[in-house]
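Student: I would like to learn how to read a few features of a structure. Could you take me through them one at a time?

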Amino acid sequence: MINLIQKYFNQTSKIIAATLLAALFLTFLLQIFSRYVLNSPFGWTLELCRILWVWIVFFCCACLVQEKDHVKFNLIYSASSNKAKFIMSIISCLAIIIIMGWALLPTVDYIDWMKMRKTSTVRFPITGEKIKLSYVFSIYGIFMISLIANYIWKLKKIIQKGPDNSDQNKLRSVVRY
């Protein structure tokens, strides 16, 4: 059941991310068209591209990017004993949980404060009202909550099963010979 929910969540997240990326690309093309063909650039396209980019980055980091997809500098970790790996893993998880947890309330407060500010040119298509910046930056709060939850889950797994040694003695290279 959990695997089915996770699969559905991943597929939905991929569809949302692809839609955001397509909207960014189309907005960018419209910006080029208005600037160079019509000689009258639309002001809202630049701001919409920025908003979409912020959402793409933080939405994908919150929902799609897995830890194995990140670049790691783990020479010391890989050369350490299992006990040292266990300690380093717990310390790193706790550090991320504590620091992001400590920053969460001020971040949510700032996002809430941003509700009084609105976009310069971008408007909701249906109502025509300018978009509150709290909506634009709310994705960062979602990202932080997701990061904290993921590292709590990782910490629980490390305490139960020990550090993950699946990539031990593997050297991955981007360049294929």
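Student: How many salt bridges does a search of the whole structure find?

Tutor: Let's start with the general idea. Side chains of opposite charge can pair when their charged atoms come close. This is a predicted model, and the search of the whole structure finds 1 salt bridge. Lys115 forms it with Asp112, and their closest N and O atoms are 3.1 Å apart.

Student: Is Lys115 buried, partly exposed or exposed?

Tutor: Lys115 is partly exposed, because its relative accessible area of 43% lies between the 20% and 50% cut-offs.

Student: Which residues have the most contacts inside the largest nonpolar core?

Tutor: Again, the general idea comes before the case. In soluble globular proteins, nonpolar side chains tend to be buried together. Here the largest nonpolar core has 16 residues, and those with the most contacts inside it are Leu24, Ile56, Phe59, Met100, Phe143 and Met144. Helices α1, α2, α4 and α5 each supply at least two residues of this core, with the largest share, 7 residues, coming from α2.

Student: What does Leu24 touch?

Tutor: Leaving aside residues up to four places away in sequence, Leu24 touches Cys49, Leu52, Trp53 and Ile56.

Student: And which residues make the nonpolar surface patch?

Tutor: Among them are Phe25, Leu29, Phe33, Tyr36 and Trp44, in a patch of about 1,100 Å². Its largest share, 7 residues, comes from α1. Leu29 is found in that helix and is partly exposed, with a relative accessible area of 39%.

Definitions and conventions:
Residues are numbered from 1 along each chain as its sequence is written. This is a predicted model: local features need pLDDT of at least 70, side-chain atom pairs count only at pLDDT 80 or more; totals for chains, interfaces and linings use all residues. Side-chain values use heavy atoms; hydrogens and water are left out. A nonpolar core is a set of buried Ala, Val, Leu, Ile, Met, Phe, Trp, Tyr and Cys residues joined through side-chain atoms within 4.5 Å. Buried means under 20% relative accessible area, exposed over 50%, partly exposed in between (1.4 Å probe, protein chains only). Helices (H or I, at least four residues) and strands (E, at least two) are DSSP runs, numbered from the N terminus. Contact means heavy atoms within 4.5 Å. Patches are made of residues with over 30% relative accessible area and no salt bridge: like charges are joined within 9 Å, nonpolar side chains (Val, Leu, Ile, Met, Phe, Trp, Tyr) within 5 Å. Accessible areas come from the Shrake-Rupley method with a 1.4 Å probe; for residues, only the protein chains shown count as cover. A salt bridge is a side-chain nitrogen of Lys or Arg within 4 Å of a carboxyl oxygen of Asp or Glu.
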